[in-house]
Amino acid sequence: MTTRTLTRMACVVGALAAFTAGGATAAGGHHHDASPPALTLNAGSKWPTDAPLREGMTHIRARLEQTLPAVHAGQASAAQYDGLGEAVEHEVAGIVAQCKLPPDADAMLHGVIAELSQAADTLRAAHDDRRAGVIRLVTALDAYGRHFDHPGWTPVATGH
């Protein structure tokens, strides 16, 4: 199942739950909007995170940083791009499945999740410029770091 499919399923489930419950949050307080809000800070502060989110984002970052030298050298193989896309998809699925954030933080996280999902799709699309997926992934990770409280998180070192 692709990241795009997982994201769409999560959004549809959330929209249906909100519709059938008169706008209430989905089961367990986990809310999914059909379209994520633009990323903003939480009244000037970063949004809270939980251990599964921090772990998943750390794994995505590590996999990206492992692949970046080959991308910069113009030597990244299709298998490397595919592997990075699959790793992102796997971690996003885990983040979504284990999400325990407060509803407002969760809603904000969906903007990042959407970008990660699009990056994964581009990384695995043989007909696209897969480097655009890397750029989108770096951008999503940096946006996450600017908007979410993840101790020790720094912008991705891209070598530029």
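Which residues do ring pairs link into a cluster? Ring pairs join Tyr144, Phe148 and Trp153 in this way. The model shown in these views is predicted.

**View 1. The aromatic cluster of Tyr144, Phe148 and Trp153.** The count of aromatic pairs comes to two. One of them is the pair of Tyr144 and Phe148, which is stacked, with 5.5 Å centre to centre and 15 degrees between the planes. Tyr144 also pairs with Trp153, and this pair is edge-to-face, with 5.1 Å centre to centre and 85 degrees between the planes. Tyr144 and Phe148 are both buried. The relative accessible area of Tyr144 is 0%. Trp153 has a relative accessible area of 14%, and since buried means under 20%, Trp153 counts as buried too.

**View 2. Arg61 and the ring of Trp153.** Arg61 is among the buried residues of helix α2. The charged end of Arg61 sits over the ring of Trp153, at 4.9 Å from the ring centre.

**View 3. Helix α2, residues 51-72.** The helix has 22 residues, which at 1.5 Å a residue should span 32 Å. The end C-alpha atoms of α2 are 31 Å apart, so the two values agree. A bend of about 30 degrees is found at Gln66, and Pro69 follows within four residues.

**View 4. The two ends of α2.** At the start of the helix, a side-chain oxygen of Asp50 comes to within 3.0 Å of the backbone nitrogen of Leu53. Leu53 is itself buried. Just after the helix, Gly74 has a positive phi of about 70 degrees.

**View 5. The buried residues of α2 and the helices they pack against.** Buried residues of α2 include Gly56, Met57, Ile60, Leu64, Thr67, Leu68, Ala70 and Val71. The packing partners of the buried residues in α2 are α3 (78-97), α4 (103-123) and α5 (130-147).

**View 6. Ile113 and Tyr144.** Ile113 is a residue of helix α4. Its relative accessible area is 4%, so Ile113 is buried, the limit being under 20%. Along the chain, Ile113 and Tyr144 are 31 residues apart, and their C-alpha atoms are separated by 9.4 Å. Tyr144, with a relative accessible area of 0%, is likewise buried.

Notes: Residues are numbered from 1 along each chain as its sequence is written. This is a predicted model: local features need pLDDT of at least 70, side-chain atom pairs count only at pLDDT 80 or more; totals for chains, interfaces and linings use all residues. Side-chain values use heavy atoms; hydrogens and water are left out. The expected span of a helix is 1.5 Å times one less than its number of residues. The bend at a residue is the angle between axes fitted to the seven residues ending there and the seven starting there. Buried means under 20% relative accessible area, exposed over 50%, partly exposed in between (1.4 Å probe, protein chains only). Contact means heavy atoms within 4.5 Å. A polar contact is a pair of N or O atoms within 3.5 Å; within protein, one must be able to donate a hydrogen and the other to accept it, and residues adjacent in sequence count only if both atoms are side-chain atoms. Rings of Phe, Tyr and Trp (its six-membered ring) pair if their centres lie within 6.5 Å; planes under 30 degrees apart count as stacked, over 60 as edge-to-face and the rest as tilted. A charge sits over a ring if NZ of Lys or CZ of Arg is within 6 Å of the ring centre and within 35 degrees of the ring normal.
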